[in-house]
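Hi everyone, thanks for coming. Please take a look at the picture as I put it up, and then we will walk through it together.

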Amino acid sequence: MPSKPRNRIGEIYGSLTVVRLSNRRTTSGNAFWWCRCICGNEREVPSDSLSNKIRKKKNITECKQCAKELAIEGVCKKNDLQEELRRKEAVKTRLALTGKVPEDWLKLPMTDAHARELGEKHFFRGIQCLNGHLSPYRINGGCLACAKSNNQNLKH
Ligand SMILES: [Zn+2]
Ligand SMILES: [Zn+2]
């Protein structure tokens with residue numbers, strides 16, 4: 001017989017409030033608890049995932065639906081932030097290159113994602129490629145100067 005679990009009803013873990021004990025037990029004999037999320041969904045959670053302490057093992061703090069939405073939001077925020085930094089960097093780098101590169105390049109979108117947004121094929125971040133070219137890039141394709149010299153090599 002598994003020992004009677006500590007009563008957790010009414011305890012709050014993140015967005016979850018423990019509402020009742022489940023009949024399910026984990027393989028190690030821990031209780032599962034039914035918890036209600038702030039969105040109204042219920043989720044069955046094993047007691048060892050219910051904690052308000054920060055620890056290595058992942059705590060469960062919302063229903064599956066909310067957890068999924070939070071994960072997607074987190075990824076988007078991170079990507080947005082990185083993209084924002086890339087564009088800021090490109091603005092600075094390009095400003096420093098004014099007069100040193102063809103003016104047309106400075107009118108190109110700033111990053112791959114920026115070019116996609118505008119429906120353009122080329123962008124210019126003002127950075128050198130691995131071969132040391134300072135050149136616009138093609139979305140999905142890399143440095144235009146490299147592409148050009150590759151073509152010339154093929155012809156020779
Ligand atoms: Zn929820
Ligand atoms: Zn190149």
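Which protein donors hold the zinc ion (ligand 1)? They are C37, C39, C63 and C66, each through SG, at 2.2 to 2.3 Å from the zinc ion. By donors I mean N, O and S atoms within 2.8 Å of the metal (3.2 Å for Na, K and Ca), and since water is not among the atoms, sites may look incomplete.

Before we go on, some housekeeping. This is a predicted model, where local features need pLDDT of at least 70 and side-chain atom pairs count only at pLDDT 80 or more, while totals for chains, interfaces and linings use all residues. Residues are numbered from 1 along each chain as its sequence is written, chains are lettered from A and ligands numbered from 1 in the order in which they are written, and side-chain values use heavy atoms, leaving out hydrogens and water.

Back to the zinc ion (ligand 1): the angles among its four donor atoms are 103 to 117 degrees, so the arrangement is tetrahedral. Along the chain, the donors follow the spacing C-x1-C-x23-C-x2-C. C37 sits in strand β3 (residues 31-37) and C63 in the loop between β4 (42-46) and α1 (64-96), so this pair ties together parts 26 residues apart in sequence. Helices (H or I, at least four residues) and strands (E, at least two) are DSSP runs, numbered from the N terminus. Both C37 and C63 are buried, meaning under 20% relative accessible area; exposed is over 50%, and partly exposed is in between (1.4 Å probe, protein chains only).

Now the zinc ion (ligand 2). Its protein donors are C129 (SG), H133 (ND1), C143 (SG) and C146 (SG), at 2.0 to 2.3 Å. This site is tetrahedral too, with angles of 103 to 114 degrees. C129 and C146 are both buried.

Finally, salt bridges: a side-chain nitrogen of Lys or Arg within 4 Å of a carboxyl oxygen of Asp or Glu. How many does the structure hold? There are 11. One of them joins R24 and E44, with the closest N and O atoms 2.6 Å apart. That pair links distant parts of the chain, R24 being in strand β2 (residues 16-25) and E44 in strand β4, 20 residues apart. Another joins E83 and R86 at 3.0 Å, N to O. Those two lie in helix α1, three residues apart, about one turn of the helix. Through shared partners, salt bridges join E83, R86, R87 and E117 into one network.

Technical notes:
Tetrahedral: all angles 85-135°; square planar, octahedral: opposite > 155°, others 65-115°.
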